Amino acid sequence: MDVSGELATVGTASALALVTAMTTDSWRGVRTWFGRWLGRGRSEAEAHQLTRLDRDQGVLLAAGADGEEQLARELAAAWAVRLQDIADMDQGAGRELLEWVARWRAENPEAARSAAVIKQNAKGSGRSRITQVGGNQTIIRPERS
């Protein structure tokens, strides 16, 4: 396993798994693990993170089928930044997160398939170039390049 390469993207992988788990039967266990991991041994921080996780899960479940996919993408993007920041500052925490993602994928193969799917759509015309990475895209118009 190329840990250094995977640590660079652990935020995205774990956020997709986290948000996907919010709508599955495994949520309680995932919630507990993330609360402890995010709290890093501080009970007040853990309680704060559990509240945040519960809020996001509630919003996601309330969105219904029509808005769930878009909201899930937005939540995953927000969590990816938070989780990646922690992994960047603490490689040990990043490795724990990588281990959790691997374990969660093995234990939840059906949910893991949907968490691994990243949909990207981009369209260019004329002489434009589009470079799209993750959920971000950069559009360069020919007259500006």
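**View 1. Phe34 and Trp37 sit about one helical turn apart, because they are three residues apart in helix α3.** The model shown here and in the other views is predicted. Both Phe34 and Trp37 are buried. A search of the whole structure finds six aromatic pairs. In the pair of Phe34 with Trp37, the ring centres lie 6.4 Å apart and the planes meet at 70°. Edge-to-face requires planes over 60 degrees apart, so Phe34 and Trp37 form an edge-to-face pair.

**View 2. Phe34 also pairs with Trp100.** The geometry is again given by two values: 4.8 Å centre to centre and 80° between the planes. This pair is edge-to-face. It links distant parts of the chain, with Phe34 in helix α3 and Trp100 in helix α6, 66 residues apart. Buried means under 20% relative accessible area. Phe34 has 0%, so Phe34 is buried. Trp100 has 5% and therefore counts as buried.

**View 3. Five aromatic residues form one cluster.** The members are Trp33, Phe34, Trp37, Trp100 and Trp104.

**View 4. Helix α3 spans residues 27-39.** The helix has 13 residues. From first C-alpha to last, α3 reaches 18 Å, close to the 18 Å expected at 1.5 Å a residue. Its buried residues are Trp27, Val30, Arg31, Trp33, Phe34, Gly35, Trp37, Leu38 and Gly39. The cover over these buried residues includes α2 (10-21), α4, α5 and α6 (91-107). Arg40 follows α3 and has a positive phi, near 50°.

**View 5. Helices α4 and α5 pack against each other.** Helix α4 covers residues 43-62, and helix α5 covers residues 64-89. Their axes are 7 Å apart, at an angle of about 155°. Angles over 145 degrees count as roughly antiparallel, so α4 and α5 are roughly antiparallel to each other. From α4, the contact uses Gln49, Arg52, Leu53, Asp56, Val59, Leu60, Leu61 and Ala62. From α5, the contact uses Gly64, Glu68, Leu71, Ala72, Leu75, Trp79 and Arg82. By class, the contact of α4 with α5 has nine nonpolar, two polar and four charged residues.

Technical notes:
Residues numbered from 1 in each chain as written. Predicted model: local features only at pLDDT ≥ 70, side-chain atom pairs only at ≥ 80, totals over all residues. Heavy atoms only, no water. Axes fitted to C-alpha atoms, helices over the stretch in contact; angles between N-to-C directions. Helix = DSSP H or I, 4+ residues; strand = E, 2+ residues; numbered from the N terminus. Parallel < 35°, antiparallel > 145°, perpendicular 65-115°, else oblique. Contact = heavy atoms within 4.5 Å. Nonpolar A, V, L, I, M, F, W, Y, C, P; charged D, E, K, R; others polar. Expected span 1.5 Å × (residues − 1). Buried < 20%, exposed > 50% of the residue type's maximum accessible area, 1.4 Å probe, protein only. Phe/Tyr/Trp six-rings, centres within 6.5 Å; stacked < 30°, edge-to-face > 60°.
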